[in-house]
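I opened this entry to keep track of what I looked up in the model. I went from the whole chain down to single residues.

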Amino acid sequence: MPAADTTTSARTESRTPAAERSATSGSAKYLGWLFAVAIAAAAFNLRPVVTSLGPLLDQVRDDLGMNPTLAGLLTAVPSLCFALFGFAAPVAARRIGPIAVVTAGMGAITAGVLARSFAGGTAVFLLLTALAMAGVAVSNVLLPVVIKRYFPEKVGPMIGLYSMALSAGTALAALVSVPLTNALGGDWRHGLGVWAALGALALVLWLPVLIAKRERGERADGAALARLPITRSRTAWALACFFGLQATGAYVVMGWLPKIFQDAGVDKGTSGVLLAVTMVIGVPVSFVLPNLAARRGDQRPFVVVLASCGIVGYAGLAFAPAGGAWVWAVLVGLSNCAFPLVLTMIGLRARTAGGVAQLSAFAQGVGYLISVPGLILIGRIYDITGQWYWPLGFLALLLVPQMLFGLRAARARHIEDEAVHPVEQAKA
């Protein structure tokens, strides 16, 4: 071969790996952006299942023949599903990978939301709502795991994106449910069923991520998913209790706030807007708060401030719901930002993606079980008294133990250091 050809060949060979690396880097960059958008889309779909129902609850109750106690059970369905399916999420993730489970979750949300709009009775409506909430449950548990595994250096910003998208979806569903239903002919079935389109969009975004990542369950990251005796961790229990108590308040607000305002003389459309305000407040706060919390060794000041906002907000709703409606909506919305805070703490209290998976499942599974009695009790108290003073007082009272558990969970600890056998800890 001539020297020139040899030189040219050598230069070509030296450039080829660089070109391949550049192409690979470009592909990875685009996949990273797609992944981030898919996470945001999934988060956006985690609350419209509930908040689209709140402003239309009276119509649904009248059409399906629900009494207030059954309506209270309806607000408890999310927590029941989160508890049951949340515990199953890490098991499924170990078998097929968290991305596959989240993708299936988007499919369940789409199918459940669409199908329940055709329900002819309360039992079928509850069952199909449970199907959608099963998808929400596994996605709730595993999205922080996906973030910890694939964005380990950007946990704060990605949790912020996730929380912001979740708050935006919550707010949008609350804001437009009534006008959207009216625009579609006034039938609540159309107003609820249309949200399946957003689930379908998220599913479309997750499918290429699933194909590109090609996870194989434990084989994808077997060491990270090693089992921990998590029930020995005091931090895990504190997070579970904190999570459960904040979930009680959050789901009462999402399910009953429009009704609280309507009973005070506020019209249906405005009550939906007030619920939207409560959720919109969470959009910027949910993006900023995780970043601020992730930079601190502990998150105790945030726990106190958010609980204090809730106590004042619930007191205002009890004694002057219409007079200071906008102020109470803002304060309650700030209190509900305990959710992105606890998600951030879950990501910070474990060292590995596997630890986050188990902590997320434990905190959310146990937490939602803790929330169920309170959610049912709220509907029962209202059913008996016909007033909101006692239910709202009960919610304000729950914020005290929420604050105490939150202060314990907010300390800079890792569950891997606590969830070990005492003998092993002594040897360390």
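**Entry 1. Whole chain.**
I note at the start that this is a predicted model. I looked up the secondary structure and got 20 helices and zero strands. I then checked burial: of the 428 residues in the protein, 56% are buried. Next came the range of the contacts. I took those between residues at least 6 apart in sequence, and 85% of them join residues at least 24 apart.

**Entry 2. The core.**
Which residues have the most contacts inside the largest nonpolar core? I found I39, F125, Y162 and W206, in a core of 129 residues. Helix α11 gives the largest share of this core, with 16 residues. I kept a general remark beside this: in soluble globular proteins, nonpolar side chains tend to be buried together.

Beyond its neighbours within four places in sequence, I39 is in contact with L143, V146, I147, F151, M158, Y162 and W206. Two of the names on that list, Y162 and W206, I had already written down as residues with the most contacts inside the core.

**Entry 3. Helices α17 and α18.**
I looked at how α17 (residues 353–385) and α18 (residues 389–409) pack. Their axes come within 8 Å and cross at roughly 155 degrees. Angles over 145 degrees count as roughly antiparallel, and α17 and α18 are therefore roughly antiparallel to each other. From α17 the contact uses G374, L377, I378, I381, Y382 and T385. From α18 it uses W390, P391, F394 and L395. I sorted these residues by class and got eight nonpolar, two polar and no charged.

**Entry 4. S52.**
Is S52 buried or exposed? S52 counts as buried, because its relative accessibility is 1% and the cut-off for buried is under 20%. S52 sits in the loop between α2 (48–51) and α3 (57–64). Its side chain reaches the backbone oxygen of P48 at 2.4 Å.

I placed Q262 in helix α11 (residues 234–263). Q262 has 19% relative accessibility and so counts as buried, with the limit at under 20%. Which side chain does Q262 join by a polar contact of 2.9 Å? I found the side chain of S271. With neighbours within four places in sequence left aside, Q262 is in contact with P55, D58, K268 and S271.

P55 came up again when I turned to G269. The C-alpha atoms of G269 and P55 are separated by 8.0 Å, although the two residues are 214 apart along the chain. G269 belongs to helix α12 (residues 268–280). I noted G269 as partly exposed, at 32% relative accessibility.

**Entry 5. L31.**
I found L31 in helix α1 (residues 3–44). Its relative accessible area is 21%, so I wrote it down as partly exposed; buried would need under 20%.

**Entry 6. A111.**
My last stop was A111, in helix α5 (residues 98–116). At 37% relative accessibility, A111 counts as partly exposed. I looked up its C-alpha separation from A196 and got 7.2 Å. Along the chain A111 and A196 are 85 residues apart.

Notes. Residues are numbered from 1 along each chain as its sequence is written. This is a predicted model: local features need pLDDT of at least 70, side-chain atom pairs count only at pLDDT 80 or more; totals for chains, interfaces and linings use all residues. Side-chain values use heavy atoms; hydrogens and water are left out. Helices (H or I, at least four residues) and strands (E, at least two) are DSSP runs, numbered from the N terminus. Buried means under 20% relative accessible area, exposed over 50%, partly exposed in between (1.4 Å probe, protein chains only). A polar contact is a pair of N or O atoms within 3.5 Å; within protein, one must be able to donate a hydrogen and the other to accept it, and residues adjacent in sequence count only if both atoms are side-chain atoms. Contact means heavy atoms within 4.5 Å. A nonpolar core is a set of buried Ala, Val, Leu, Ile, Met, Phe, Trp, Tyr and Cys residues joined through side-chain atoms within 4.5 Å. Axes are lines fitted to C-alpha atoms, for helices over the stretch in contact, and angles run from 0 to 180 degrees between N-to-C directions. Angles under 35 degrees count as roughly parallel, over 145 as roughly antiparallel, 65 to 115 as roughly perpendicular and the rest as oblique. Ala, Val, Leu, Ile, Met, Phe, Trp, Tyr, Cys and Pro count as nonpolar, Asp, Glu, Lys and Arg as charged, and the others, Gly among them, as polar.
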